[in-house]
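Please read them with the structure open.

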Amino acid sequence: MREPLDPEMFDPVCPSELVPIRVGGDKWAGMIVQCLADGPRRFSELRVPLRTITPKVLTASLRSLERDGFVLRTVHPGPARRVDYELTPLGRSLLDLLATARTWAEAHLDELLDAREAADRTA
């Protein structure tokens, strides 16, 4: 059995929506990929660390990741129908890229925020 996802996996005050590096243009996709790094997860499991995302937006993000070939959706039939989401090999290839983007963002976030504040003052 897999370890449950840490509810504090993502800092609630993390300014991830400010970082210009995104997977598929979706601010949630990178976090979803991170949640799936250790293996398949159910929708309800993903909601734990992604507690601020609405079910509708999570569904749309998962569908987009599936359409792009990053995520595989598997429906397990039976009386208690279960759906799992897991990374494809293509999706797994994003993990190193996301780690690099996170390192870049940590190193340059202050510069990015300063540039945006300066632009907002002149607008």
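1. A caveat on source. This is a predicted model. Read every value here as computed from predicted coordinates.

2. Leucine 50. This residue sits in a loop, between α2 (43–46) and α3 (55–67). Is leucine 50 buried or exposed? Its relative accessible area is 1%, under the 20% cut-off, so leucine 50 counts as buried.

3. Contacts of leucine 50. Set aside the neighbours within four places in sequence. Leucine 50 then touches Phe10, Trp28, Met31, Ile32, Cys35 and Leu58. Tryptophan 28 lies 22 residues away along the chain, yet its C-alpha atom is 8.5 Å from that of leucine 50.

4. The sheet. It is open and has 3 strands, in the order β1-β3-β2. The pairing is antiparallel. β1 (41–42) and β2 (71–76) are the edge strands, and each pairs on one side only.

5. The β2–β3 pair. β2 and β3 (residues 82–87) are joined by 6 bridges and run antiparallel. Which residue of β3 is the bridge partner of leucine 72? It is glutamate 86.

6. Shape of α5. Helix α5 spans residues 94–122, 29 residues in total. A straight helix would reach 42 Å at 1.5 Å a residue. The end C-alpha atoms of α5 are only 36 Å apart. α5 also bends by about 60° at histidine 108.

7. Packing of α5. Its buried residues are Leu94, Leu95, Leu98, Ala101, Ala105, Leu109 and Leu112. They pack against α1 (29–35), β3 and α4 (89–92). In an α-helix, residues three or four places apart point the same way, because there are 3.6 residues a turn.

Definitions and conventions: Residues are numbered from 1 along each chain as its sequence is written. This is a predicted model: local features need pLDDT of at least 70, side-chain atom pairs count only at pLDDT 80 or more; totals for chains, interfaces and linings use all residues. Side-chain values use heavy atoms; hydrogens and water are left out. Helices (H or I, at least four residues) and strands (E, at least two) are DSSP runs, numbered from the N terminus. Buried means under 20% relative accessible area, exposed over 50%, partly exposed in between (1.4 Å probe, protein chains only). Contact means heavy atoms within 4.5 Å. Two strands pair if DSSP finds at least two bridges between them. The expected span of a helix is 1.5 Å times one less than its number of residues. The bend at a residue is the angle between axes fitted to the seven residues ending there and the seven starting there.
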